[in-house]
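These are my notebook entries on a structure that I looked through one place at a time.

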Amino acid sequence: MNKILSLVAVCVLALSGTARAAESPALTAIIALEPTSKKDGMMLSRNGMATSLGKLVGSPMTVSASEDLADVMRATRSAGYDVFVAPPQVAASALQHGYELVGSTDRAEQYVLIGRNSLASAKNARGARIYLPQQDSIYTYMARGMLNANGLSLKDLSDVRYERYPQAGLTALAIGASDLTVVRQSDWDEWANGNPGMAKVLATSTPVPGGLSVVVKKELPPEMRTKMTAWFANSAPAMGLKPVTVHDNLREYKSVAELGVFTPLSLPGAKLVHANEVQELVAQGAVLVDARNDKEYGAKHIPGAVLIPYVEKSLKDIAFDAKQDDFSGLAKLDLSKPTIFACNGPECWKSYKASRAAISKGMKTVYWFRGGLPEWEASGMTVARE
């Protein structure tokens, strides 16, 4: 009888353990690929990482990869993944939205703005042509920062070409197809040695975290985050990723985020409002428009917000071309009614562009909630989910 009871107890414990394992929430990770890190990212075994890291932390895990940096950047703002293995600008965005830094695969590096010899300085680059790899790449972030430091923006240039390969910008410059490009300091040093006198450095960036960076969601249990940190430092190389042991200065990530795609601090024709004002305006009958996509809206949104997506393909810049975008949903709004536009915070341009579209169509009272959902949550306001 005692043997039977013992056997039953063992079975109950086994079933209990199985149930707990089944109840463990699945974790998700994304590997973001861009010209800076594509080779390193493609070397990483997604299945190996999912199996090894998932086993270590005791939760099932799925690992995906994406070359769509705009989509990955949106995911950092909506906390779309538990782990990001990504270029520094993606990590910088995630660090502002509930993630903590594990580290990076390489030490910090600098970027240089390279120009034709006929350009006296970066300040003389107005009207020039620039070659950049991908709109959301780290190169574009650095280009914006260095141009801004010299009183210019991308809109002051006559032509902005987005291609795929960073070093090809030097070739384009050498054959006269472009006037400016941005490359890493190390790549410039190597190219300049083989092509002396063909171009020159017009500006140099501050240090930027090198290689791929890893960030994890802060809300994960501390023990799990500690295990992940150890895995990326010690076990990641077996999966094809360099050890993630370099803990860059967080100020470097902050600098990258600020050099990126932050919206202006004001918008002529609209009133900038904050979370408490939005709450009061909605209570008074103002319409609150969520300009994000339906997936983000479904995950969480401000209570009472109406989903009218702004489909964005234009530059994240004051001089964006609205014809490249789709905001046909604007036709659903009453132009005579006070309306608030919001999205995913200061670096999300959708609400800014939606506000400008509404103003151009003659909407009488436009409010722009620049802080968007992140500010709403930071203010302690509740969110709704579908």
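**Entry 1: a serine in a loop**

In which loop is serine 137 found? I was working from a predicted model, and I located serine 137 in the loop between strand E6 (129-133) and helix H6 (138-149).

Is serine 137 buried or exposed? I noted a relative accessibility of 0%, and because buried means under 20%, serine 137 counts as buried. I then looked up its surroundings and found that a polar atom of its side chain lies 2.3 Å from the backbone oxygen of proline 133. Leaving out residues up to four places away in sequence, I listed Glu34, Leu69 and Gln89 as the residues that serine 137 touches.

**Entry 2: strand E1 and its partners**

E1 runs parallel to strand E2 (residues 61-66), and six bridges join the two; as one example I wrote down threonine 28, whose bridge partner in E2 is threonine 62. E1 also pairs in the parallel sense with strand E3 (residues 83-86), over three bridges, and here I saw that isoleucine 31 stands opposite valine 85 in E3.

**Entry 3: an alanine with a positive phi**

Alanine 79 counts as partly exposed, with 25% relative accessibility.

**Entry 4: the nonpolar cores**

Which residues touch the most other members of the largest nonpolar core? I found that this core has 42 residues, and that Phe84, Leu113, Ile130, Met142, Leu180 and Val182 are the ones with the most such contacts. Its largest share comes from H6, which gives seven residues. Apart from this core lies another, of 26 residues, and among them I noted Ala50, Val85, Phe232 and Ala236.

**Entry 5: an open sheet and the helix packed on it**

I traced an open sheet of five strands in the order E11-E15-E14-E12-E13, with parallel pairing. Its edge strands are strand E11 (271-272) and strand E13 (306-307), each of which pairs on one side only. Between E11 and E15 I recorded parallel pairing over two bridges, and leucine 272 has tryptophan 368 in E15 as its bridge partner. Helix H13 packs on this sheet, where it touches E14 and E15, and its direction makes about 175° with that of E15.

How many of the 11 residues of H13 are buried? I wrote down eight, so that by the cut-off for buried, under 20% relative accessible area, helix H13 (residues 350-360) is mostly covered. The buried ones are Lys350, Ser351, Tyr352, Lys353, Ala354, Ser355, Ala357 and Ala358. These buried residues pack against helix H4 (69-77), helix H12 (294-299), strand E14 (339-342) and strand E15 (366-369). Just after H13, I came to glycine 362, which takes a positive phi of about 95°.

**Entry 6: aromatic rings**

My last entry is on the aromatic pairs, of which the count comes to 10. In the pair of tyrosine 310 and phenylalanine 327, the ring centres are 5.2 Å apart and the planes stand at 40°, so the pair is tilted. Both residues lie in the loop between E13 and E14, so the pair ties together parts that are 17 residues apart in sequence. Tyrosine 310 is buried, with a relative accessible area of 4%, and phenylalanine 327 is buried as well, at 11%.

Why is the pair of phenylalanine 327 and phenylalanine 341 edge-to-face? Their ring centres are 6.4 Å apart and their planes stand at 65°, so the pair is edge-to-face, because planes over 60 degrees apart count as such. I also noted that this pair links distant parts of the chain, with phenylalanine 327 in the loop between E13 and E14 and phenylalanine 341 in strand E14, 14 residues apart. Phenylalanine 341 is buried, with a relative accessible area of 0%. To finish, I recorded one aromatic cluster, formed by Phe320, Trp349, Tyr352 and Trp368.

Key: Residues numbered from 1 in each chain as written. Predicted model: local features only at pLDDT ≥ 70, side-chain atom pairs only at ≥ 80, totals over all residues. Heavy atoms only, no water. Helix = DSSP H or I, 4+ residues; strand = E, 2+ residues; numbered from the N terminus. Buried < 20%, exposed > 50% of the residue type's maximum accessible area, 1.4 Å probe, protein only. Polar contact = N/O pair within 3.5 Å; in protein donor to acceptor, adjacent residues only side chain to side chain. Contact = heavy atoms within 4.5 Å. Pairing = 2+ DSSP bridges. Axes fitted to C-alpha atoms, helices over the stretch in contact; angles between N-to-C directions. Phe/Tyr/Trp six-rings, centres within 6.5 Å; stacked < 30°, edge-to-face > 60°. Core = buried A, V, L, I, M, F, W, Y, C linked by side-chain atoms within 4.5 Å.
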